[in-house]
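Let's learn to read a model with several chains, one feature at a time.

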Protein chains: 6
Amino acid sequence: MTSTETFPINSLDVPRFVGIPTFMRLPQRAEAEGTDVSVIGMPSDNGSPFRTGARFGPNAIRSMSAMLRPISPYRDGIDVFRTLQCADLGDAPVVPGYMPATLEAIQLFFDRVVATGAVTIGLGGDHGCSIAELRSVAKRHGPVSVLHFDSHSDTWDKYFAGERHSAGTPFRRGVEEGLINPEQSIQIGLRGSLFVPSDVTQSIDLGYDVVTWDEWSAMGSHSLINRIVKRLSNSPVFISFDLDVVDPAFAPGVQTPEAGGPSASEVLMLLRRLPALPIVGADIVEVNPLYDGPGQITALLAATVALEIIANIAAGRRERSIGQPSD
Amino acid sequence: MTSTETFPINSLDVPRFVGIPTFMRLPQRAEAEGTDVSVIGMPSDNGSPFRTGARFGPNAIRSMSAMLRPISPYRDGIDVFRTLQCADLGDAPVVPGYMPATLEAIQLFFDRVVATGAVTIGLGGDHGCSIAELRSVAKRHGPVSVLHFDSHSDTWDKYFAGERHSAGTPFRRGVEEGLINPEQSIQIGLRGSLFVPSDVTQSIDLGYDVVTWDEWSAMGSHSLINRIVKRLSNSPVFISFDLDVVDPAFAPGVQTPEAGGPSASEVLMLLRRLPALPIVGADIVEVNPLYDGPGQITALLAATVALEIIANIAAGRRERSIGQPSD
Amino acid sequence: MTSTETFPINSLDVPRFVGIPTFMRLPQRAEAEGTDVSVIGMPSDNGSPFRTGARFGPNAIRSMSAMLRPISPYRDGIDVFRTLQCADLGDAPVVPGYMPATLEAIQLFFDRVVATGAVTIGLGGDHGCSIAELRSVAKRHGPVSVLHFDSHSDTWDKYFAGERHSAGTPFRRGVEEGLINPEQSIQIGLRGSLFVPSDVTQSIDLGYDVVTWDEWSAMGSHSLINRIVKRLSNSPVFISFDLDVVDPAFAPGVQTPEAGGPSASEVLMLLRRLPALPIVGADIVEVNPLYDGPGQITALLAATVALEIIANIAAGRRERSIGQPSD
Amino acid sequence: MTSTETFPINSLDVPRFVGIPTFMRLPQRAEAEGTDVSVIGMPSDNGSPFRTGARFGPNAIRSMSAMLRPISPYRDGIDVFRTLQCADLGDAPVVPGYMPATLEAIQLFFDRVVATGAVTIGLGGDHGCSIAELRSVAKRHGPVSVLHFDSHSDTWDKYFAGERHSAGTPFRRGVEEGLINPEQSIQIGLRGSLFVPSDVTQSIDLGYDVVTWDEWSAMGSHSLINRIVKRLSNSPVFISFDLDVVDPAFAPGVQTPEAGGPSASEVLMLLRRLPALPIVGADIVEVNPLYDGPGQITALLAATVALEIIANIAAGRRERSIGQPSD
Amino acid sequence: MTSTETFPINSLDVPRFVGIPTFMRLPQRAEAEGTDVSVIGMPSDNGSPFRTGARFGPNAIRSMSAMLRPISPYRDGIDVFRTLQCADLGDAPVVPGYMPATLEAIQLFFDRVVATGAVTIGLGGDHGCSIAELRSVAKRHGPVSVLHFDSHSDTWDKYFAGERHSAGTPFRRGVEEGLINPEQSIQIGLRGSLFVPSDVTQSIDLGYDVVTWDEWSAMGSHSLINRIVKRLSNSPVFISFDLDVVDPAFAPGVQTPEAGGPSASEVLMLLRRLPALPIVGADIVEVNPLYDGPGQITALLAATVALEIIANIAAGRRERSIGQPSD
Amino acid sequence: MTSTETFPINSLDVPRFVGIPTFMRLPQRAEAEGTDVSVIGMPSDNGSPFRTGARFGPNAIRSMSAMLRPISPYRDGIDVFRTLQCADLGDAPVVPGYMPATLEAIQLFFDRVVATGAVTIGLGGDHGCSIAELRSVAKRHGPVSVLHFDSHSDTWDKYFAGERHSAGTPFRRGVEEGLINPEQSIQIGLRGSLFVPSDVTQSIDLGYDVVTWDEWSAMGSHSLINRIVKRLSNSPVFISFDLDVVDPAFAPGVQTPEAGGPSASEVLMLLRRLPALPIVGADIVEVNPLYDGPGQITALLAATVALEIIANIAAGRRERSIGQPSD
């Protein structure tokens with residue numbers, strides 16, 4: 001591996017549209033060995049009970065990630081890729097139409113990466129994929145604290161003919177399987193109408209803290225950040241970011257849009273102000289380019305969120321290396 | 001009529017995309033008898049002086065309404081469809097290219113429904129259809145108080161070769177015909193450039209209260225709600241919701257978008273915080289799927305607004321049945 | 001059942017865009033009893049190894065079928081709906097992400113309809129659904145002769161992790177399960193590059209007659225019709241029409257387009273010149289509106305093919321009632 | 001008027017996308033005086049019983065006409081704009097939602113142009129506009145021979161609530177009003193299913209010659225050209241070209257697409273081989289950019305057809321000036 | 001020049017979609033003589049290092065500008081076109097693929113217009129065009145104060161093979177060439193990740209004041225207006241408005257969208273509250289209709305911004321004529 | 001290099017949408033050493049005088065090439081990738097807005113590949129790129145015979161401000177520079193209107209043989225193949241395939257569509273029946289996904305053409321290895 005392979009192509013030297021798109025124009029690598037952060041596509045939409053097409057989400061995010069640059073002005077001008085070794089590992093394999101086989105195939109791929117110590121950033125794909133990544137991550141790190149952005153709780157039990165895995169179930173399954181520590185987890189951005197009366201309380205009954213969009217809007221982002229930090233309690237963190245957390249104007253390309261949510265700016269400002277967290281894994285899910293329009297703004301937002309999560313990890317690395325927090 | 005016919009299909013049992021789409025997967029019925037609320041499509045775009053295609057609006061709203069669920073967390077977890085008998089009555093007929101014949105055909109359809117005592121929820125279709133529904137509703141209930149959300153006043157007099165009916169005229173015609181009591185009506189969200197100097201004052205001259213988007217933004221939603229409630233004075237209310245009231249980012253699929261308006265969240269929070277009103281009819285208009293992009297977020301917002309209006313009616317029903325307000 | 005329910009809405013009386021769209025504006029019915037032909041949506045894309053979204057195919061076909069009219073000038077001006085009792089039964093239920101459960105659910109739905117003696121016209125949905133309908137039809141009629149239009153043979157064995165059901169397998173499974181009599185079946189329109197050398201012969205090895213597009217183009221439609229009729233041998237016929245049989249210019253909205261095929265006109269002229277066949281079931285599959293563009297020409301062609309198949313059935317009915325062939 | 005104003009902008013000098021688009025980059029003029037051929041937009045879709053949006057057709061044709069160049073290799077390299085004085089007169093005014101007022105407004109505009117002796121080329125707009133142009137043209141030239149390309153006859157009588165003017169009626173109205181001489185007129189390209197049994201014969205009953213697409217396909221273009229020429233009998237010709245005459249693959253952007261028609265090449269070869277005809281007017285209608293997809297191929301085909309008609313007129317002019325036919 | 005030529009077509013008399021679209025339906029004129037404000041398209045995308053297609057931006061803005069009306073309620077009901085003589089001069093010519101030749105051709109066009117004393121409003125086209133207009137404007141007015149709205153600084157030095165002109169360089173080149181007085185200029189709305197550490201300071205090093213979106217959001221619009229006015233110091237002002245300053249939800253049709261910015265409402269309220277400024281030129285750039293979706297909301301916002309800038313000029317004219325400020 | 005790297009991913013094992021798309025799922029390699037055929041993207045649209053966006057063409061072709069499979073039934077079931085070592089080398093770099101620098105950068109990239117002896121397959125990108133590849137190829141092989149499919153001759157001299165390189169000039173420049181032997185070259189598919197009278201003869205004057213679409217249609221493909229083979233005279237062949245050679249229905253996603261051309265089937269049948277030719281290079285150009293619609297059928301056709309060219313090379317290799325022609 002030469003050093004030229006460890007940095008992205010510079011878009012001041014070679015235009016963004018030149019070349020086969022990887023995440024942020026990083027080198028594609030077959031193995032995670034030696035990386036701090038590995039980006040992995042999860043091109044499945046088996047878990048989609050409404051719109052389908054998220055199988056094309058990872059490559060859509062990659063294409064739009066060409067817009068991004070490596071320096072974060074929100075974290076003291078840190079150069080993310082000089083702080084962390086990052087790579088795009090391509091996609092985990094999936095089996096269209098066969099959810100259980102798909103989850104196995106995805107987990108197998110993540111197991112191999114997580115075993116190297118790399119932090120995994122999964123690009124979805126529908127939210128049903130999260131359980132596969134959570135199984136891998138928890139196998140190594142134990143039960144994780146989940147920081148979950150979503151307009152829905154995704155803590156339903158069963159769907160249709162009794163199926164236990166879909167985009168609506170991973171945060172119930174994760175608790176049941178002991179992968180998630182709900183007492184140190186928080187769900188943010190929930191809103192909209194509900195299926196059954198128990199929807200209101202099902203996440204709280206499982207142990208999660210829940211902050212609806214109405215509550216967030218009323219309390220302000222500063223208070224919310226404090227609540228998040230306190231809740232996560234410094235334990236290993238898994239961030240799960242469903243693009244439908246923002247208003248559909250900012251992310252039309254999702255499976256189950258929910259009218260009337262926060263703006264992209266409100267969400268990004270929150271992410272950029274979070275202190276460095278002990279992130280062990282993350283996913284950015286429910287990007288569906290078929291519904292995104294020609295501007296592909298959902299994919300761009302997803303890529304930006306992924307970069308902000310990596311920048312958070314980089315900030316943590318820098319803090320540890322210089323012995324003090326960066327903010 | 002069996003009981004299974006009175007509830008929507010549950011999207012936890014049968015996926016949202018299965019079946020021919022009615023509003024919120026309610027049963028389609030040929031007659032309004034026995035319903036509290038009847039949803040009726042008004043598939044006309046005869047009144048559209050700019051973009052056309054709103055004839056496909058009602059079915060677009062129906063398709064996206066599959067996203068909605070019956071429980072409102074904004075009104076104490078009320079189950080809308082266990083509180084009210086609701087049905088989708090399909091579309092009123094129209095005559096493309098012939099505005100007067102179209103208004104007659106629509107009114108005839110509404111007359112039959114209104115006569116049963118059902119509250120009508122018209123799904124447009126361009127705003128020119130409103131006069132037909134207003135004629136039906138006022139025939140039974142007398143002049144109504146209008147709660148009108150729009151970026152334009154729609155109180156112009158004549159268009160082109162002197163035509164008196166278009167999307168720009170119903171709230172002048174409604175006053176002239178004695179269908180609307182302007183002294184107890186309010187127009188919310190107006191903004192943008194104007195045709196003639198008298199545009200500024202024409203609604204006020206007719207008797208309406210007018211709150212521009214700039215004024216709303218300055219006064220805040222709490223004050224606006226008070227002003228609305230005071231203005232409506234507890235008389236029979238007709239809500240007319242033109243999707244162009246929100247910024248085009250939140251509703252690109254409209255006839256005459258007006259840049260720079262409120263967000264979907266600002267509008268939905270307002271609607272959800274309105275106390276139960278004595279609603280006798282409503283319409284949600286100017287949804288044009290041809291301009292909505294693949295995400296169809298305008299149609300989704302329209303469906304959500306329709307549900308919020310029905311939830312308001314349900315809350316009123318519950319209040320009356322238990323003898324106290326629900327909030 | 002009143003007589004008004006047995007005919008479609010007349011588009012000279014009520015514009016095509018008015019009302020919730022059923023197939024050709026036929027009445028939607030909950031039960032098949034009393035129908036000669038029942039149209040049923042199969043909104044599954046579980047079997048799609050490439051593009052997904054065919055779950056929205058049945059409703060796309062319904063919407064575009066509003067263009068069609070009941071009289072066929074290609075069969076002596078027969079009025080299809082005065083010859084046959086037809087109805088739209090809505091959609092069979094499916095389970096997204098769970099192919100085996102989906103096939104069971106679809107078959108269950110068809111079993112009930114086939115039991116009434118109605119001919120079923122399945123609207124897909126991906127080609128993987130065909131096996132469910134074939135199981136129902138063969139249960140009643142015994143092994144069928146298949147008249148199969150497709151650019152691919154769909155006789156592969158297994159996919160990915162050994163899965164036996166996808167859009168690429170039904171015509172192998174159907175032979176294995178004894179549902180299809182391959183010696184009296186024919187596949188038409190195959191073309192393009194192949195996976196493995198055995199692709200060339202796998203259908204022939206199973207017993208099918210195969211006519212590639214190049215062969216059809218060389219022999220002409222007249223010869224092909226003779227070959228079809230001879231092959232089908234007057235046994236119960238199942239027509240399976242995959243929209244990708246035509247060139248992608250005529251059907252861009254499919255899962256696996258194959259460049260360089262026949263035109264829509266060539267295919268429709270063939271269908272319209274086929275003599276009345278003893279059709280016991282049919283499907284028109286692989287319509288994916290997400291890839292069809294605003295013109296929705298794939299859905300229109302699918303609807304037209306469905307009508308031509310029903311017209312063939314009607315012609316057979318008329319022949320039997322007057323004791324002689326119609327052509 | 002300087003001479004530079006009488007020729008289009010040369011696309012070898014100034015790129016096609018520069019400037020506000022007129023038809024073929026011709027000068028826009030307010031008056032027809034001095035022109036041999038005047039191109040006029042008819043931006044109405046009042047007569048559209050299915051899809052609407054043809055109001056944007058004329059400008060879509062103008063935009064795509066930038067692709068065209070002035071020399072026709074199919075007519076001995078004639079330079080159309082050095083043979084004829086041509087101009088784009090902009091659009092006739094219309095009244096959305098009011099068909100009768102629209103037809104009056106269009107006719108008034110054409111009357112003024114036709115009075116100057118200019119041949120009018122109407123760009124639609126829906127086919128319902130044709131009656132307005134026919135009234136103008138026949139007022140000056142007497143009853144015309146119509147050469148009508150269409151997949152439908154457009155000779156229905158009334159629609160919906162008895163309305164007499166729509167895209168489906170002009171060729172009945174034109175005969176009734178004495179504007180068309182049906183005995184010297186011909187309809188080409190008809191196909192597809194029909195509303196009522198009399199559809200088969202209604203055009204023939206009115207006196208038209210009718211050549212369906214199936215018949216054209218069987219007889220070949222050479223025979224068809226002979227039949228056309230013989231039928232038109234050297235009397236003043238009005239060409240009416242409905243884009244839906246070609247298969248929807250070649251013209252997806254139309255109101256009422258009809259699957260399975262001729263290719264663009266088949267139609268253009270026919271037009272290019274027609275001898276010079278005594279054309280007094282023409283229209284190219286039913287272009288709807290909202291359904292045309294990003295490629296806008298329907299608009300391009302419409303522009304090309306318009307140019308071929310103008311080239312026919314130019315060839316006639318040249319023949320008369322040199323005293324012999326050009327082919 | 002007759003008086004009818006100096007006002008736009010009234011959209012209450014002639015529908016907005018009738019006619020070949022000029023900016024706000026103003027007359028198109030070949031020469032600027034006698035105009036106060038001349039609108040000029042700059043249809044180049046040679047300077048686009050990512051998405052291309054802005055060559056179609058000027059006509060997209062023209063089409064959507066039909067929505068606008070001449071009276072501004074934000075400036076005491078001023079009628080813009082009765083205060084100022086305005087015209088659309090069409091497009092400056094460009095040379096695709098040849099940036100230097102393009103900048104020369106654009107400048108030549110502007111030179112001729114600026115020489116008449118008219119204020120120029122350039123409609124882009126990519127931001128690389130700005131340097132051409134700045135050269136013309138500064139030639140007459142000396143170095144200008146720039147009020148620059150953008151999510152990027154556009155003060156990079158060279159791109160790719162050392163090229164000095166692209167959408168990322170005009171505000172460095174403008175300082176280097178002495179066209180811009182950076183000490184009296186301000187850049188507003190910057191945000192997002194950066195290429196190199198010096199990106200953070202490069203604009204400040206050149207002398208600009210910079211207000212990031214985060215800073216604007218924290219300080220509020222009132223403070224920002226004060227800062228702008230103070231900074232511009234009453235010297236000749238050039239406004240450069242890059243549509244990507246707003247969040248991509250409000251302007252998806254841009255070359256380099258940057259997630260998480262202000263809303264259209266926030267930007268328009270700012271513009272509408274600016275006092276009359278001594279504007280000598282402006283451009284509204286980076287509108288790319290190919291990425292704008294069917295709603296074309298980016299083009300509408302661009303047109304609205306252009307009108308607000310013209311209204312600012314009109315307000316200044318009125319102030320001067322009545323000897324006092326209008327607000 | 002392991003053997004697994006030399007074959008494409010099998011789409012029966014891993015679904016087509018999994019992974020970052022290379023041409024036909026071949027391995028991406030940094031160097032051409034050891035390959036027989038190297039596929040190279042040329043993502044430039046600097047040479048586009050009308051529509052732009054072909055910079056995204058190479059990746060669009062790669063995405064759709066996932067549909068293709070390695071066995072050609074048209075050449076005795078040859079397995080292309082077991083006969084030839086093939087790889088995707090990614091894209092040559094380009095400089096947006098600077099045509100001369102772009103042509104240099106592209107040529108430099110090809111020079112390095114051609115030097116290894118690999119046959120280059122360029123994926124465009126606009127046709128202006130061809131001159132760069134021709135310079136590389138001719139440098140090694142001497143003047144080539146060009147087999148050129150196009151609806152335009154691309155033998156114009158200069159554009160706009162005298163620029164010598166654009167999509168309309170490479171086949172004049174190539175002759176002038178001695179890269180092309182026009183006496184052994186042939187242009188196929190020309191049609192449509194022309195700029196100047198000399199357009200008709202300019203290619204013939206340069207020495208090319210020209211077969212218009214009308215001539216091809218009249219002579220039939222069999223005769224045309226004979227004419228091609230005779231013309232090429234067994235000298236080194238360069239195939240240049242402009243997607244606009246087919247009718248826009250089959251390739252809407254091109255820069256300069258020309259209505260009324262051959263079908264995809266007619267072109268593919270021709271290519272598949274060509275005997276093995278001594279191909280030393282090829283390009284497939286003018287694919288513009290921005291105009292291709294969601295079906296991306298232009299990109300699919302381009303990928304299919306590329307495969308047919310590679311299959312031709314493979315057939316030649318097989319012939320030489322077994323000492324006899326394959327057909």
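Q: Do the copies chain E and chain F meet through the same surface or through different surfaces?

A: Before we start, note that this is a predicted model, in which local features need pLDDT of at least 70, side-chain atom pairs count only at pLDDT 80 or more, and totals for chains, interfaces and linings use all residues. Residues are numbered from 1 along each chain as its sequence is written, while chains are lettered from A and ligands numbered from 1 in the order in which they are written. Now to your question: 100% of the interface residues of chain E are also interface residues in chain F, so the copies meet through the same surface. Contact here means that the C-beta atoms of two residues, placed from the backbone, lie within 7 Å. Chain E gives 20 residues to this contact and chain F gives 20 residues. On the side of chain E that touches chain F, ten are nonpolar, seven polar and three charged. (Ala, Val, Leu, Ile, Met, Phe, Trp, Tyr, Cys and Pro count as nonpolar, Asp, Glu, Lys and Arg as charged, and the others, Gly among them, as polar.)

Q: Which turn relates chain A to chain E?

A: For this pair, a turn of 120° and a shift of 0.0 Å along the axis give an RMSD of 0.0 Å. The two copies are thus related as by a three-fold rotation axis. Only 7% of the interface residues of chain A are also interface residues in chain E, so these copies meet through different surfaces. Chain A brings 28 residues to the contact and chain E brings 25 residues. The largest share of the side of chain A that touches chain E, five residues, comes from α10(A). Helices (H or I, at least four residues) and strands (E, at least two) are DSSP runs, numbered from the N terminus.

Q: What is the order of the strands in the open sheet of chain A?

A: Strands of a sheet pair through backbone hydrogen bonds, either parallel or antiparallel. In chain A, eight strands with parallel pairing follow the order β4-β1-β5-β10-β9-β6-β7-β8. Strands count as paired if DSSP finds at least two bridges between them. At the edges stand β4 (86-91) and β8 (209-212) of chain A, each with a single partner strand, so one side of each is left without a neighbour in the sheet. Inside the sheet, six bridges join β1(A) to β5(A), and Val37(A) stands opposite Val119(A).

Q: At what angle do α1(F) and α10(F) cross?

A: Two packed helices are described by the angle between their axes and the distance between the axes. The axes of α1(F) and α10(F) come within 8 Å and cross at roughly 80°. These axes are lines fitted to C-alpha atoms, for helices over the stretch in contact, and angles run from 0 to 180 degrees between N-to-C directions. The two helices α1(F) and α10(F) are therefore roughly perpendicular to each other, a term for angles of 65 to 115 degrees (under 35 is roughly parallel, over 145 roughly antiparallel, and the rest oblique).

How values were computed: Least-squares fit on C-alpha atoms with pLDDT ≥ 70 in both.
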